[in-house]
Amino acid sequence: MSFSDSDNSSHGGEYKTLRHVSRDRLLYEMLQTPKSGDSRSSWKVLIMDKVTLKVMSNSCKMSDITDQGVSLVEDLYRRRQPLTSMDAIYFIQPSKENVVLFLSDMSGREPLYRKAYVYFSAPISKDLIARIKRDTSVLPRIGALREMNLEYVTIDNQGFITDHERALEELFGDDAENSRKSDACLNVMATRIATVFASLKEFPFVRYRAVNLDGDTMTTVRDLVPTKLAAAVWNCITTYKSSVPNFPQTETCELLIVDRSVDQIAPIIHEWTYDAMCHDLLNLDGNKYVYEVPRKSGGPPEKKEVLLEDHDPIWLELRHTHIAEASERLHDKMTNFVSKNKAAQLQQRNGSELSTHDLQKMVQALPQYSEQMEKLSIHVEIAGKLNKIIRDMDLRELGQLEQDLVFGDAGTKEVMNFLRTKQDVMNENKLRLMMIYASIFPENFEDDKASQLMQLAKLPHADTKAVKNMKLIAGSDTGKTSKGAFSLKFDSAKSKHKLRKDRSGEEKTWALFRFYPMIEELIEKLSKGELPKDEYQCMNNPSPSSNGNQMNNSGGSHGPHSMRSRRTATWAKSGSSDDGYSSDSVSRNSKKMGQRIFVFIIGGATRSELRVCHKLTAKLGREVVLGTTSIDDPPQYITKLKLLSEKELLN
């Protein structure tokens, strides 16, 4: 029996992304039968709990698992049939309940399986190890007992979540003062974050957004969340230094921990990329898109599903592009296919230019219509739906106002005029506009001013709660106000970051593509060693020359800023894309990759923030990995924000 962690190192050799490393560890360290020195049966059962199943399914395909000799995947918590001729691989969390169930499976005269190979997703306590060793009937049947230290869910080559969907509510809501509940949430979160570094064999500088202790502002438990998480992550990682073989003893990368207060606009503003619009405007089930295909025999159309994921090359190419550019590229792809096919050319009407819809129908009718062209046709359909929704909801005008507010080109007058003249705008879109306005002009949401604004917007009481609850995220003084009063008196040290300036050095591109999340500037400052030392402190307490990144305290009282030149752009008129990256930016730059940068956002992250990590990976020559409690689209985030004061909503 062995009790050790993987000795695989990510340093040296071929550069691998987080998802690649995770997949390799699961398949080759845990599932693969060694060629010698192991008595495992050729076919085996894989047993997981709810969390590890999610970890596995987001890193590996079912075909990957079966290729390693797994013939059956089982749920630890379901009653299972004995398979005494087969070995079992247990990939489970190190909880008391899981250990009890495992011992029940393998104890007594008739165990469920021939031999058990047990892999824990995180460090297991000494008490539970002792409990396993005390069961003398089970001990000889254990082929391996190891800590995999892999309890995060990959959502992208450069992104992971700790799967805390209720983190916003538990850490920032009405019940946030319940220290036992919030501490438990943070401890599990820290353990899962730390397993990322155990997998990659990285030892980070742990930086975090610090509490403002100037004495003028009351510090709340919500303000302390990044500090507490940083301390918990640091404790886990320092333990790994002595317990994980080949774990680095000196810092190899950067980790920055922030919460949602760093940018309350990114989760609610309309993001105009193909990926973000699909998840914002279409009724997707996760990444699943349902579409209809006409039956050849007639009758009602057949419903089919497609996953908008990395294995789809068209999705991979277009997901971070502007919706208008994605539409143009899809039209070009269809046109290119038709131009190379004589049968298609014969169907053209008098040589006139065909619309994308005409091209789609034509391609579907061709005899050599393939799986690749089917996917292209699906994306044409999706882009067409998105463009129709944009037109029907008049989102361009709303999107322009949102971005003008963010960049200081619009204010109260423009918002009031929009609300008076656009009576048919959906409540959700009016709410998002009001939340952006409140984030930039919180002083206009105090007492009677707020009531007047809400009346003008004609928003129901439940929607106004989302605007009010922004103050809980901002870390304001949440003391009781008079009955019916409405106050958004944000912490001034945080509210001053709200206005953004246009990015310099970026060529003009599509309209409504000015917006960028604040983490873009934070990551660039971190890479240059220019994060203000008083605002972003370090658990490692590094010397000024540590890691070659000199911490610059000059201008420490100022928020992220830059001298930005205005970008001129018009809708649907393209110039050169300013992204300078693609989704495979890591593999294209792997030979010259510098040290990794990790950013963890407590309370959920957005697709725009994930996009920025890909963009900066190419720009900085350093893999930028985004971690968060969950990936939220605007409707999800707004629902979570309302739940911060669920008790008041229920009264």
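Biologist: What share of the contacts in the chain with a separation of 6 or more joins residues 24 or more positions apart, and what makes a pair a contact?

Modeller: Residues 24 or more positions apart account for 78% of those contacts. A pair is in contact when heavy atoms lie within 4.5 Å. This is a predicted model, in which local features need pLDDT of at least 70 and side-chain atom pairs count only at pLDDT 80 or more, while totals for chains, interfaces and linings use all residues. Residues are numbered from 1 along each chain as its sequence is written, and side-chain values use heavy atoms, with hydrogens and water left out.

Biologist: Why is Pro204 called buried?

Modeller: Buried means under 20% relative accessible area, exposed over 50%, and partly exposed in between, with a 1.4 Å probe and protein chains only. Pro204 has 0% relative accessibility and therefore counts as buried. In the chain of 651 residues, 55% are buried.

Biologist: Where is Pro204 placed, and which residues does Pro204 touch?

Modeller: Pro204 belongs to strand S8 (residues 204-209); strands (E, at least two residues) and helices (H or I, at least four) are DSSP runs, numbered from the N terminus. Not counting residues up to four places away in sequence, Pro204 touches several residues, including Trp234, Glu251 and Asn540. The C-alpha atoms of Pro204 and Glu251 are separated by 5.3 Å, although the two are 47 residues apart along the chain.

Biologist: What makes a set of residues a nonpolar core, and how many residues has the largest one?

Modeller: Such a core is a set of buried Ala, Val, Leu, Ile, Met, Phe, Trp, Tyr and Cys residues joined through side-chain atoms within 4.5 Å. The largest has 152 residues, and Tyr274 is among those with the most contacts inside it. Helix H7 (residues 179-200) gives the most to this core, with 10 residues. Another core, of 23 residues, lies apart from it and includes Met86 and Phe102. In soluble globular proteins, nonpolar side chains tend to be buried together.

Biologist: How do you know that the reach of helix H11 is close to the expected value?

Modeller: The expected span of a helix is 1.5 Å times one less than its number of residues. Helix H11 (residues 323-339) has 17 residues, and 24 Å is expected. From its first C-alpha to its last, H11 reaches 24 Å, so the reach is close to the expected value. Among the buried residues of H11 are Ile323, Leu330 and Phe337.
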